[in-house]
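Which charged side chains pair up here, and what surrounds the ligand? Look at the structure first, then read on.

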Amino acid sequence: MIKEILTAVAVLGSLSILLGIAILITMKVFEVKRDPAVDEMMEALPGVNCGACGFPGCEQFAVEMAKKGELYKVCPVGKDAVAIKLREILKKHKGEVKNG
Ligand code: SF4
């Protein structure tokens, strides 16, 4: 009885380790590089997700500004204070890979 239990634990333990390794490899292979400017802009934006800028939420706004590399729209909620921060962030990250 003990032998069967130990065998089951060993088999399931080994299987879980193998599946964990497979998940890690899959994560690395299919990893989507995120633009660091988007994360910084998300911290600067109000996070209200109101859509007043014409985008469904703050993240879509940040992604679009990072892709274009310029602040062609302004967040009406954050106004000038946020616009200044976003311009600084975009200037800092100019020339980096834009993957959204
Ligand atoms: S207007 Fe500003 S707060 Fe509203 S969704 Fe756009 S970026 Fe976010």
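This model is predicted. Its salt bridges number 4. Side chains of opposite charge can pair when their charged atoms come close.

| Pair | Distance (N to O) |
|---|---|
| Lys33 and Glu31 | 3.9 Å |
| Arg34 and Glu59 | 2.8 Å |
| Glu40 and Lys92 | 3.0 Å |

Take Lys33 and Glu31, whose side chains meet in a salt bridge. How open are the two partners? Lys33 is exposed, and its relative accessible area is 55%. The cut-off matters here: exposed means over 50%. Glu31 has a relative accessible area of 45%, so it counts as partly exposed.

Next come Arg34 and Glu59, joined at 2.8 Å. Which parts of the chain does this pair tie together? Arg34 lies in the loop between α1 (2–29) and α2 (36–44), while Glu59 lies in helix α3 (residues 58–68). The pair therefore ties together parts that are 25 residues apart in sequence. Both partners are partly exposed: Arg34 has 37% relative accessibility, and Glu59 has 34%. These two residues also belong to a network of salt bridges, which links Arg34, Asp39 and Glu59.

Now look at Glu40 and Lys92, which meet at 3.0 Å. Glu40 is in helix α2, and Lys92 is in helix α4 (residues 79–92). Parts that are 52 residues apart in sequence are tied together by this pair. Glu40 is partly exposed, with a relative accessible area of 25%. Lys92 is exposed, with a value of 54%.

Turn to the ligand. Where does it sit? Around the ligand are 14 residues. The closest are Cys50, Gly51, Cys53, Cys58 and Cys75. Which classes make up this shell? It has 11 nonpolar residues and 3 polar ones. No charged residues are found in the shell.

The backbone has points to check too. Most residues other than glycine have a negative phi, and most peptide bonds are trans. Asn49 is not a glycine, yet its phi is positive, at about 55°. Asn49 is found in the loop between α2 and α3. Its relative accessible area is 45%, so Asn49 is partly exposed. Lys79 also has a positive phi, near 55°, and is a residue other than glycine. Lys79 is found in helix α4. With a relative accessible area of 54%, Lys79 is exposed.

Finish with Met65, a residue of helix α3. Is Met65 buried or exposed? Its relative accessible area is 0%. Buried means under 20%, so Met65 is buried. What does Met65 touch? Leaving out residues up to four places away in sequence, Met65 touches Met41, Phe55, Glu70, Leu71, Tyr72, Lys73 and Leu90. How far is Met65 from Gly20? The two are 45 residues apart in sequence. In space, they are 37 Å apart, C-alpha to C-alpha.

Key
Residues are numbered from 1 along each chain as its sequence is written. This is a predicted model: local features need pLDDT of at least 70, side-chain atom pairs count only at pLDDT 80 or more; totals for chains, interfaces and linings use all residues. Side-chain values use heavy atoms; hydrogens and water are left out. A residue is near a molecule or strand if one of its heavy atoms lies within 4 Å of it. Ala, Val, Leu, Ile, Met, Phe, Trp, Tyr, Cys and Pro count as nonpolar, Asp, Glu, Lys and Arg as charged, and the others, Gly among them, as polar. Buried means under 20% relative accessible area, exposed over 50%, partly exposed in between (1.4 Å probe, protein chains only). Helices (H or I, at least four residues) and strands (E, at least two) are DSSP runs, numbered from the N terminus. Contact means heavy atoms within 4.5 Å.
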